[in-house]
Amino acid sequence: MCKIQSVLKNAHVYQRIVVPLTFALLLLFISAPAALATSHGASFTLVGPKQHYLALGDSLAFGYQPDLNYSHGYVDDFFSNLRSHGVKDVANMGCPGETSVTFLNGKCPYPFLRKFPYVGSQLNAALVYLKLHAGQVSPVTFNIGANDLTHDINTSNCSVNQQFQLDLATLDNNLTHIILPQLHAALTINGHVTGDLVMMNFYDPFQNICLNSVPITETVNAHLAADVSNYGTIVDVFGAFGGPETPNPHICTYTWMCSVFKDIHATNRGYSVIAATFEQGTEY
């Protein structure tokens, strides 16, 4: 039985936040359009690193781990690499529990865990940051999506309710009609793209537990690839974590799923693999 919990133990410590990748199960019994099964993505000439690095997203961007180690996320590791390319600083706006809706409208569930303070929505904060540092920000990394869909799952049988398809459509709409176009526009000055917008796809923490989850994860990743195709680049974290192989020997070392926490988040090693995937995907 797949268990997903979101427990806030007190004002400073929470055991689990239902975040990226939990929705690998949410697509059970949902078929992807045939078009999404193929590769998507426009051919972008990457700009390369600049003075500032902007990181956006939910708890994976934040770097959450259930042992309360918040200093070894993929953003931290990727920034260590970017410093060797002349990047001076990082603004990590990731907020645990963020959905595409709260990304647009604010009210992230765990704002006290943010590493970069801002008022209002994460999107608005990102746009202000890009305006204040116009032409000086690259890359912008981004992951979002799972928390839009987790309330649609029945954890007792790993099935989804009828609301799921509407919520998935909302996620796609928020990404393709608002979030990604606005970020892309903010990175464009006088018709020239001045920074790289790079999204990640998702690994499957449940593939050793729920046998049907791998094709579901692949379907979700196809949606993400299609959504970002006109605005930026996607990197293949799913492949870096072992891809569709089941049982996947990396799940126990790259995530906390085999620990006492039974948590989907990446370990230090897993976050390092994600960071390396960003490095390889951008060829920085």
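**Group meeting: a helix, a sheet and a buried asparagine**

Hi everyone, let's start with helix H2, which lies across E3, E4, E5 and E10 and runs at about 165° to E3. Please keep in mind that this is a predicted model.

Five strands make up an open sheet, in the order E4-E3-E5-E10-E11, and the pairing is parallel. At the edges sit E4 and strand E11, residues 233-235, each pairing on one side only. From one strand to the next, the twist averages 25°.

Now back to H2, residues 74-83. Which of its residues are buried? They are Tyr 74, Val 75, Phe 78, Phe 79, Asn 81 and Leu 82. These residues cover an arc of only 160° around the axis, which puts them on the same side of H2. As a reminder, an α-helix has 3.6 residues a turn, so residues three or four places apart point the same way. On the face of H2 turned away from that buried side, you'll find the exposed residues Ser 80 and Arg 83.

And what covers the buried residues of H2? The cover includes strands E3 (52-57), E4 (89-92), E5 (137-143) and E10 (197-200), along with helices H1 (59-62) and H9 (268-282).

Let's zoom in on E3. Six of its six residues are buried. His 52, Leu 54 and Leu 56 are on one side, with Tyr 53, Ala 55 and Gly 57 on the other, and both faces are covered.

Another helix to look at here is H4, residues 122-132, which lies across E3, E4 and E5 at about 170° to E3.

One last stop, in a loop. Asn 248 is found between helix H7 (237-240) and helix H8 (251-254). Is Asn 248 buried or exposed? Its relative accessibility is 2%, so Asn 248 counts as buried. A polar atom of the Asn 248 side chain lies 2.8 Å from the backbone oxygen of Phe 241. Leaving aside residues up to four places away in sequence, Asn 248 touches Gln 207, Asn 208, Phe 241, Gly 242 and Gly 243.

Key. Residues are numbered from 1 along each chain as its sequence is written. This is a predicted model: local features need pLDDT of at least 70, side-chain atom pairs count only at pLDDT 80 or more; totals for chains, interfaces and linings use all residues. Side-chain values use heavy atoms; hydrogens and water are left out. Buried means under 20% relative accessible area, exposed over 50%, partly exposed in between (1.4 Å probe, protein chains only). Helices (H or I, at least four residues) and strands (E, at least two) are DSSP runs, numbered from the N terminus. The arc is that of the directions from the helix axis to the C-beta atoms. Contact means heavy atoms within 4.5 Å. A polar contact is a pair of N or O atoms within 3.5 Å; within protein, one must be able to donate a hydrogen and the other to accept it, and residues adjacent in sequence count only if both atoms are side-chain atoms. Two strands pair if DSSP finds at least two bridges between them. Axes are lines fitted to C-alpha atoms, for helices over the stretch in contact, and angles run from 0 to 180 degrees between N-to-C directions.
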